[in-house]
Amino acid sequence: MKIGCFVETYSFHTKIEAQALENFKTSAERKGHQFEYIFKKDLNRIPEFDSIFIRATTDPMNTAYVVSRTADALGKVVIDDPHSIRTCSSKVVLDGLFKQNNIPSPRSVLFAGDYSPDNLRKIIEYLKFPIVVKAPYTKFSSHVEKAHDEAELKEITSRYLKNARPIVLQEFMPTTFDWRVGMLDGKVLYLCKYHMPKGGWKVKSMVDGKQEWGKSTPIMRKNIPKKLEELAIKVTKCVGDGLYGLDIKEVNGEYYCIEINDNPSFYAGIEDSKDHDIYDKIIDRLTSGRPVKPGTYRLNEDCII
């Protein structure tokens, strides 16, 4: 079969990301498939391929979404499919998904700019300081900040609301690491701990004026805690049977989902270091002939783009 891999080079920042991409190509060719990188200039060539694998930023304002919709409309197997992109790329949509499906997650409220004293008091009493402020569309926590008092909350939210509304205000849940659970076809594909850098509170944090990434600890997927696996399966059933990276916090033995990423990053030597078959499994899914099926969660009409 012929796989088209849509890439945008600015999405890759390290050699191990590029190596992971090559590992997909090697896996496909070893199985007798063609694997060709395609770019923005190749959109008219999508009908040539049996399946499309997107390795680029995938919010609905980007070219990758056009690629996904085009391939999906043509009946191709496409990862990421349009439904998954629309669902996962918006923190506001995910907030609704968590609440409507009783997914354990940090307490949160949507905020559209009501700064009346009564409303602020209710929010602060419910979430407590510090409060995490999230823009609807963000990658690698680039528009996620922490407010420690009311003045800071007003400053951050007013800045974010210039670009989008509503935004998400969330309870701060401090942990030393986030679980990253890779899911494919409703099953666990890989498992990692993404640690916070020293002095930081996110996996990618500003520390002493510099952006720092925390370390990663890969773990064999067969060793996933049972409750964590159950939550991961429950979450992905809501979205679909495609490829996802779930970010989950563990507090006192309980698990809380904070994000579902429709286009999880792969770094050679990290996500693949314990379960070496992850590239093969994704290639097998792309060549299965089975389009990705949306999950049980249905987007509001306002979210359809």
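Me: In this predicted model, which residue's backbone nitrogen lies 3.1 Å from a polar atom of the His33 side chain?
Reply: Start with where His33 sits: the loop between helix 1 (15–30) and strand 2 (34–38). His33 touches Met1, Ile3, Ala28, Ile283 and Thr287, not counting residues up to four places away in sequence. The backbone nitrogen at 3.1 Å from the side chain's polar atom belongs to Met1.

Me: Is His33 buried or exposed?
Reply: Buried means under 20% relative accessible area. His33 has 16% relative accessibility. That value is under the cut-off, so His33 counts as buried.

Me: How far apart are the end C-alpha atoms of helix 6?
Reply: Helix 6 covers residues 150–161, which makes 12 residues. At 1.5 Å a residue, they should span 16 Å. The model agrees, because the end C-alpha atoms are apart by 16 Å.

Me: How wide is the arc that the buried residues of helix 6 cover around the axis?
Reply: The buried residues are Leu153, Ile156, Thr157, Tyr160 and Leu161. They lie on the same side of helix 6. An α-helix has 3.6 residues a turn, so residues three or four places apart point the same way. The arc here is only 130°.

Me: Which helix do the buried residues of helix 6 pack against?
Reply: Their partners include four strands: strand 5 (108–111), strand 6 (131–134), strand 7 (144–147) and strand 8 (167–171). One helix is also on the list, at residues 117–127. That is helix 5.

Me: Which residue caps the N-terminal end of helix 6?
Reply: Look for a side-chain oxygen by the backbone nitrogen of Ala151.

Me: How wide is the arc of the buried residues in helix 5?
Reply: In helix 5, Leu120, Ile123, Ile124 and Leu127 are buried. They sit on the same side of helix 5, because their arc around the axis is only 95°.

Me: Is the Phe172 and Trp201 pair stacked or edge-to-face?
Reply: A search of the whole structure finds eight aromatic pairs, and this is one of them. The ring centres are 5.8 Å apart and the planes stand at 80°. Planes over 60 degrees apart count as edge-to-face. The pair is therefore edge-to-face.

Me: How many residues apart in sequence are the parts that this pair, Phe172 and Trp201, ties together?
Reply: Phe172 lies in the loop between strand 8 and strand 9 (177–184). Trp201 lies in the loop between strand 10 (187–195) and strand 11 (204–207). The separation in sequence is 29 residues.

Me: How many residues apart in sequence are the parts tied together by Tyr190 and Phe266?
Reply: These two form an edge-to-face pair, 5.6 Å centre to centre, with 65° between the planes. Tyr190 lies in strand 10, and Phe266 in the loop between strand 15 (254–261) and helix 8 (278–286). The parts are apart in sequence by 76 residues.

Me: What is the relative accessible area of Phe266?
Reply: Phe266 belongs to one aromatic cluster with Phe24, Phe53, Tyr190 and Tyr279. Tyr190 counts as buried at 0% relative accessibility. Phe266 is buried too, at 4%.

Me: Which residue lies over the face of Phe177?
Reply: The distance to the ring centre is 4.6 Å. The residue is Lys193.

Technical notes:
Residues are numbered from 1 along each chain as its sequence is written. This is a predicted model: local features need pLDDT of at least 70, side-chain atom pairs count only at pLDDT 80 or more; totals for chains, interfaces and linings use all residues. Side-chain values use heavy atoms; hydrogens and water are left out. Helices (H or I, at least four residues) and strands (E, at least two) are DSSP runs, numbered from the N terminus. The expected span of a helix is 1.5 Å times one less than its number of residues. Buried means under 20% relative accessible area, exposed over 50%, partly exposed in between (1.4 Å probe, protein chains only). The arc is that of the directions from the helix axis to the C-beta atoms. Contact means heavy atoms within 4.5 Å. A polar contact is a pair of N or O atoms within 3.5 Å; within protein, one must be able to donate a hydrogen and the other to accept it, and residues adjacent in sequence count only if both atoms are side-chain atoms. Rings of Phe, Tyr and Trp (its six-membered ring) pair if their centres lie within 6.5 Å; planes under 30 degrees apart count as stacked, over 60 as edge-to-face and the rest as tilted. A charge sits over a ring if NZ of Lys or CZ of Arg is within 6 Å of the ring centre and within 35 degrees of the ring normal.
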